[in-house]
Every structure is written in C-alpha cells, then in structure tokens.
Amino acid sequence: MHGMIESTENKVAIVTGAGSGIGRAVARQLACQESFAVVLVSRTRDNLNATRDAILEATGDAARVLIVAADVTDPEACRAIVDQAVQTFGRVDALCNIAGAAPLQPIEQTTDDLWRNVIDTNLSSVVHLTTAAWPHLKDRQNAGGSVIVNVSSLASIDPFPGFALYASAKIGVNMFTLCTGREGVGHGIQAVCIAPGAVETAMLRSLFDESVI
C-alpha cells in the first residue's frame, strides 16, 4: 500500500513483532476493537501477510493496514518505518515495541554476535523507533496525546538461568521506558512497560517444554 490516506479518522499505531505471537495479537486487537490503523512491522513478509489477513477477515477493511517488512535492529530501517507510517496515514498516535529475541544461552557460550543481536533486537530497536517517532507523537499533544508501549519481560525482574543476555537487555527497556515517560509528560506522551511471564507463543515453545513451565 502506497500513498497517503487523506484525513484518516483512525488513530495510527506502529506495531513491531507483528508477524506472530504477542505482536500479532496486539495488532489485531488494535485494528478490530480499537479501530486503529495499524502499521505491521516484522522481518518476514509472509507472517505479516497472515496478520493482515486475520485483520481483514475481522474488519473487512484493508485500507487501515500497512505492511512494512523491516529489520528493527537497523537504525535506518527504524526511521524508514516511521516515515512510511506518516507518509501513508499522516500521523502516529501509538508505538508498540514488541519485537524481541530471547536466546536461552549459558554465559560461557556467549558470543559477541549473540550479545549484539540480543541488545539490538530488544533494546536498540526501542531506542531508534522511539527517537524517530518522538516528533510525531508530540504532534498529538492537542489531540488527546499519544502512547509508547514497550514489552519487557518478567526475566528483567526474576531471570531464568540462561537468560543473562535477554534479561540484561530487557532491564534496559524498563529504564528507557521510565525515562521516556518522565520526559514525555510535557509533550502529552505516555510511556508504559509491560513485563509478561510465560506467554503461549512459538518463541516460548522453542525455548521450554511444558514440564519446565
């Protein structure tokens, strides 16, 4: 979908990790129950298409869905995501940072590449997208304000063995959310951090079996 939709009456939400799991559920909820236009972000276009199809089946309105296949670990890609959202819908009211990577890895098997990927996926992406979206979120101050929702993890509070990298990245998300929330007060921007425990997703199933849970 290209080109700008003039004077959309829908609020607009960017949702990362929208191809599966929590991200897909949040995008569908926003589109179906809250009547948001949604910008679906993930690396895999096929997964995003499946999320769009689920929204289309429920709402019958494909015009309120924009697919952006992008790697949120890339700062330029993060800026491009926000640019495409604004070019298409003219505004951004909500940023939902849900994309994550949670390798279960003993400390002695940590590599530089693994650490960089965990930090970039879970924390750097939140920083880059928030920075890019901030001016547009400030623009909504006189229209009821805007919100940033970051998904952290219970691992940032009570880490499971093997989650040293993941927990460290997510505790950074917690603090960044606190900082953006305090700075956003004067601009009508709320910031919320959610720290789920075990959630029934494909990522969880790839890490643990039922006996561990």
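Four bridges connect strand 4 (residues 94-97) with strand 5 (residues 146-151), and the two strands run parallel. They belong to an open sheet of six strands in the order 3-2-1-4-5-6, paired in parallel. The model described here is predicted. Its protein chain has six helices and six strands, which follow the pattern β-α-β-α-β-α-β-α-β-α-β-α from the N terminus on.

**Confidence and overall make-up**

- The protein chain has a mean pLDDT of 89, with 88% of its residues at 70 or more.
- Residues 1-7 stay under 50 in pLDDT, and the model gives them 15 contacts beyond four places in sequence.
- Where pLDDT is low, the predicted coordinates should not be read in detail.
- The protein chain has 213 residues, of which 44% are buried.
- Of the contacts in the protein chain between residues at least 6 apart in sequence, 72% link residues at least 24 apart.

- The order of the six strands in the open sheet is 3-2-1-4-5-6. Strand 3 (65-69) and strand 6 (189-194) each have a single partner strand and stand at the edges, so one side of each has no neighbour in the sheet.
- On average, neighbouring strands of this sheet are turned by 15 degrees against each other, direction ignored.
- Strands of a sheet pair through backbone hydrogen bonds, either parallel or antiparallel.
- Strand 1 and strand 2 run parallel and are joined by five bridges. Here Val12 has Ala37 in strand 2 as its bridge partner.

**Strand 1**

- Strand 1 is mostly covered, with five of its five residues buried.
- In a regular strand the side chains alternate between the two faces of the sheet.
- In strand 1, Val12, Ile14 and Thr16 point one way, while Ala13 and Val15 point the other way; all are buried.

**Nonpolar cores**

- The largest nonpolar core holds 26 residues, and Ile14, Val39 and Ile81 touch the most other members. At least two residues of this core come from each of strand 1, strand 2, strand 3, helix 3 and helix 4 (112-138).
- Helix 3 gives this core its largest share, seven residues.
- Leaving out residues up to four places away in sequence, Ile14 touches Val39, Val41, Ile81, Val82, Ala85, Val92, Ala94, Leu95 and Cys96.
- A second core of 17 residues is separate and includes Ala13, Val38, Leu40 and Val151.

- Helix 5 (residues 164-184) lies across strand 5 and strand 6, and runs at about 160 degrees to strand 6.
- At 1.5 Å a residue, the 21 residues of helix 5 should span 30 Å, which agrees with the 30 Å between its end C-alpha atoms.
- Buried residues of helix 5 include Leu165, Tyr166, Ala167, Ala169, Lys170 and Gly172. Also buried in this helix are Val173, Thr177, Thr180, Gly181 and Gly184.
- The buried residues of helix 5 pack against helix 4, strand 5 and strand 6.

**Two residues in their surroundings**

- Val68 lies in strand 3. Its relative accessibility is 4%, under the cut-off of 20%, and therefore Val68 counts as buried.
- Apart from neighbours within four places in sequence, Val68 is in contact with Val39, Leu40, Val41, Ser42, Leu48, Ile81 and Gln84.
- Val68 and Arg43 are 25 residues apart in sequence, and their C-alpha atoms are 8.4 Å apart in space.
- Gly60 is found in the loop between helix 2 (45-59) and strand 3. Its relative accessible area is 59%, over the cut-off of 50%, and therefore Gly60 is exposed.
- From C-alpha to C-alpha, Gly60 and Cys32 are 9.8 Å apart in space, with a separation of 28 residues in sequence.

Terms used:
Residues are numbered from 1 along each chain as its sequence is written. This is a predicted model: local features need pLDDT of at least 70, side-chain atom pairs count only at pLDDT 80 or more; totals for chains, interfaces and linings use all residues. Side-chain values use heavy atoms; hydrogens and water are left out. pLDDT is the predictor's confidence in each residue, from 0 to 100. Contact means heavy atoms within 4.5 Å. Two strands pair if DSSP finds at least two bridges between them. Axes are lines fitted to C-alpha atoms, for helices over the stretch in contact, and angles run from 0 to 180 degrees between N-to-C directions. A nonpolar core is a set of buried Ala, Val, Leu, Ile, Met, Phe, Trp, Tyr and Cys residues joined through side-chain atoms within 4.5 Å. Buried means under 20% relative accessible area, exposed over 50%, partly exposed in between (1.4 Å probe, protein chains only). The expected span of a helix is 1.5 Å times one less than its number of residues.
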